[in-house]
Amino acid sequence: MIAEVLVDIQHQAVDQVFDYRVPDFLSDSLTTGMRVKVPFGARHITGVIIDLKAKSDYKGTLKPITSQFDATPIHNPERLALSAELARVFLYPRISYLNAMLPSALNLAYGMAYKLNDPRQLPDSLKSYFEQDTTVETKAIATKDRRAFNQALKANAVTLIPLIKEKATTRKQTIVVLDDPSQATGAPQKKLIAALKASGGRLEKQTLLKKAAVSNSPFNTLLKKNAIHTEKEEIYRELETLFQEEDKPITLNDEQTLAYETIKKRFGKPDTFLLHGVTASGKTEVYIKLIKAVLAEGKKALVLLPEIALTPKILARFKAALDNNIAVYHSALSLGEQYDQWRKMHRGEVNVAIGTRSAVFAPLDDLGIIIIDEEQSDSYTQNDHPEYTTRFVAEHRMQHHKCPLVLGSATPSIERYHEAGAGRITKLTLNKRPLVLTPPAIDLIDMKQEFISGNPGIFSQKLKKALSNRLQKNEKSLLLINRRGHSWFVLCRDCGKRAYCPECQISLTFHQHDNELKCHHCGYKQVFTNTCSACGSKNIRHMGLGSERVEKELEKQFPDARVIRMDKDTVGRKHAHEQHLFDFETNGDILVGTQMIAKGLDFKDVTLVGVLSADMGLFVPDHYAQSETFFLLLQIAGRAGRREKKGDVLIQTYQPEHPVLQAVKELDYEGFYQREIAFRKMTKVEPFKQLSLIMVKDENHAHAMKTAMKIASALKKNKTIAVIGPTEARFKKLAGLYQIQVLIRHDGNATVYTMLKRIKETYFRQNTIITITHKPRVF
């Protein structure tokens, strides 16, 4: 038997299957989707079995598979097929997608180990290393013993071998089992036996010791007497949660009922629905009702959210409604927690999975529905290696499982709304707000007039008054900004010099807490000083507006207010998202944050939303900048006044007459859509044409430009492709590499993807990196 194996090397040159002979001792146990160890060149690496066949077309002598890693397949036929399709469209090696479908804990780590050959030749000082096993990792060797191991290697007492193992570890607890109670003597031993009997003769060790109120001493004595024995039992790591909710009876209004019934009728069909519901219209209630209907039919459900910040509160709601039969999967979980949640899904122990972008690969079989909430969010696009979009994966899974795909949003993406208008997907509308009497009142504040009137500060007079009013009434406020860090950059007001990253040649961002200037692209940082390195001037100006600076200003203006800041700098530690949200709901006054606070959060006491930098994003060189700004502002506006209390939204801007801001003020999605779709048709971008960005990166600028020109020339031979460039990228140099870009506009047909794949294979070399991004954001 022959196995087609995709080796675990993420490079275009080996992005193909290789034939290996299946040895007799593995012929009955191997199947597709399993990971195996194979010889590749002069080393041994891992790979995934893609297919098994009787014969090979290879004329030479096939190498045999060395060993298998998995007792059961970790990839089923659905995921194997999906990886091939992702590699075809997004142009990254297929193995990178198979690895992306697994939790990090299941990724394999490579190392070296000493294997015991001849115990007689082994020095006594090293024998303790081999008491439990015949191999020991080199990294586990104490410094004082390394010389002795080198001598043992020369004496052939040990052999140095490559080691491949999973990063995963299962958590286990010690179970005590009763064997012979008659062996107990003395009061402590008898108390322990009595407690064990009362628990059916089997109990976790620490629980038993606590229940019997005894120490380890009588326990160890009973072990020696064979009165008891211990066993290791695998357990899952419990996910801690601060938010708790009770299940609430769901009564749908007429709009919700229509949406629910329309989707339910299409169970078992691969249909896509756009659920366009204004903020606070009750989309979550429709989701829960649909999931319960799916579970009643013996199927499973997958729910995707754009931000980790949304997960805790929504999870509490779903757990209460669905009897805790849920797996949670996102990047903020620890390695072990991700591993346990993945295994629950893979083993079929849960019927519902909730998570962020990576959860779209959740190993759930027999899906009955897929729900993507806040579908317009760019968080659903994976821009790092390997690139993919959640929508693409969800559509593939929808077709495979023949189940509905529900895309929910208060501000649908222009592409999806256009699809609905063309009749390619079904649009369902929720305009009523069951718990809200009126939508929030939105006011645009002209910051030019504030400056003219003598207020050069961050907060307008109206916003300061509104914040003070909410503090007096014990109500809560949200403040949105578009940038993390204290200030965007620092500038010498005498010579005009800015602090740049030496590797990326872009401005460094000032972080007051660390007194450092940091590059948000490569991680470079340097200590901030108040002296210009070019001219020696002390006249240094902090430019821009960051969340840390806003927090400091709030503390000055409202010293008694409880201010909580949420951005990427404050939520880095485990469970920080949930802790900040819980603190705000239970004890906070003002929540300051970036876009992670704009979507989906539901706090009943929030009656004021302030936007401090509404202009940011409107003038970025990006075809999608205006729609992203509109979506963000409309979403954050929807956080105010979500119950019986009236909500107010104050948007500070230097461009109050801008049509995007006027559309936000009027809550006019339809009007904005009509303007935006006309703009996109004129500029020939999605949904009318697709954009792809080919980026050439090289240490040598001339070589990068020469390669980009060759690529542009090759692309121009296809008359269906419009080629723009090559040109310097927005960041001319990033992480030490010069960047030259070629932008193309095309119809997205198979011929174009084949051509792009060939280009990447042709020009990707050791010193030249080629990346291809579909729907690039900034040019």
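Helices (H or I, at least four residues) and strands (E, at least two) are DSSP runs, numbered from the N terminus. With that in hand, let's take a friendly walk through this structure, starting with Leu91, which is found in the loop between helix 1 (77-90) and helix 2 (94-100). This is a predicted model, where local features need pLDDT of at least 70 and side-chain atom pairs count only at pLDDT 80 or more, while totals for chains, interfaces and linings use all residues. Residues are numbered from 1 along each chain as its sequence is written, and side-chain values use heavy atoms, with hydrogens and water left out.

- Buried means under 20% relative accessible area, exposed means over 50%, and partly exposed lies in between (1.4 Å probe, protein chains only).
- Leu91 is buried, with a relative accessible area of 2%.
- The phi of Leu91 is near 70°, a positive value in a residue other than glycine.
- Most residues other than glycine have a negative phi, and most peptide bonds are trans.
- A nonpolar core is a set of buried Ala, Val, Leu, Ile, Met, Phe, Trp, Tyr and Cys residues joined through side-chain atoms within 4.5 Å.
- Which residues touch the most other members of the largest nonpolar core? Among its 91 residues, they are Leu86 and Phe630.
- Helix 17 (residues 625-637) supplies the largest share of this core, 7 residues.
- A second, separate core has 34 residues, including Phe273, Ile291, Val352 and Ile369.
- Contact means heavy atoms within 4.5 Å. Not counting residues up to four places away in sequence, Leu86 touches Leu91, Tyr97, Met101, Phe361, Tyr388, Phe392 and Val393.

**Sheets and strand pairs**

- Two strands pair if DSSP finds at least two bridges between them.
- Strands 2-1-4-3-5, in that order, form an open sheet of 5 strands with antiparallel pairing.
- Strand 2 (17-21) and strand 5 (67-68) are at the edges with a single partner strand each, so one side of each has no neighbour in the sheet.
- Within that sheet, strand 3 (residues 35-40) and strand 4 (residues 43-53) run antiparallel and are joined by 6 bridges. Phe40 stands opposite Arg43 in strand 4.
- Another open sheet has 3 antiparallel strands in the order 10-9-11. Its edges are strand 10 (202-204) and strand 11 (228-235), each with a single partner strand, so one side of each is left without a neighbour in the sheet.
- Strand 9 (residues 171-178) is joined to strand 10 by 3 bridges, and the two run antiparallel. Ile175 stands opposite Glu204 in strand 10.
- Strand 32 (residues 690-698) and strand 35 run antiparallel, joined by 7 bridges. Lys697 has Ile769 in strand 35 as its bridge partner.
- Strand 35 (residues 768-774) is mostly covered, with 5 of its 7 residues buried.
- Strand 33 (residues 722-734) pairs with strand 34 (residues 737-746) in the antiparallel sense over 7 bridges. This hairpin has 2 residues between the strands, and Ala735 takes a positive phi near 50° there.

**Helices that cross**

- Axes are lines fitted to C-alpha atoms, for helices over the stretch in contact, and angles run from 0 to 180 degrees between N-to-C directions.
- Helix 4 (residues 187-198) and helix 5 (residues 205-212) have axes that come within 9 Å and cross at roughly 120°.
- That makes helix 4 oblique to helix 5; angles under 35 degrees count as roughly parallel, over 145 as roughly antiparallel, 65 to 115 as roughly perpendicular and the rest as oblique.
- Lys191, Leu192, Ala195, Leu196 and Ala198 in helix 4 meet Leu208, Leu209, Lys211 and Ala212 in helix 5.
- The axes of helix 8 (residues 283-296) and helix 9 (residues 311-321) come within 11 Å, crossing at roughly 40°.

**Loops and cis peptide bonds**

- Asp384 lies in the loop between strand 17 (381-382) and strand 18 (388-389). Is Asp384 buried or exposed? Asp384 is exposed, with a relative accessible area of 54%.
- Pro386 is found in the loop between strand 17 and strand 18 too, and the peptide bond from His385 to Pro386 is cis, with omega near -5°.
- A cis peptide bond also runs from Gly725 to Pro726, with omega near 15°, and Pro726 lies in strand 33.
- Lys684 sits in the loop between helix 19 (669-683) and strand 32. At 46% relative accessibility, Lys684 counts as partly exposed, and its phi is near 55°, a positive value in a residue other than glycine.
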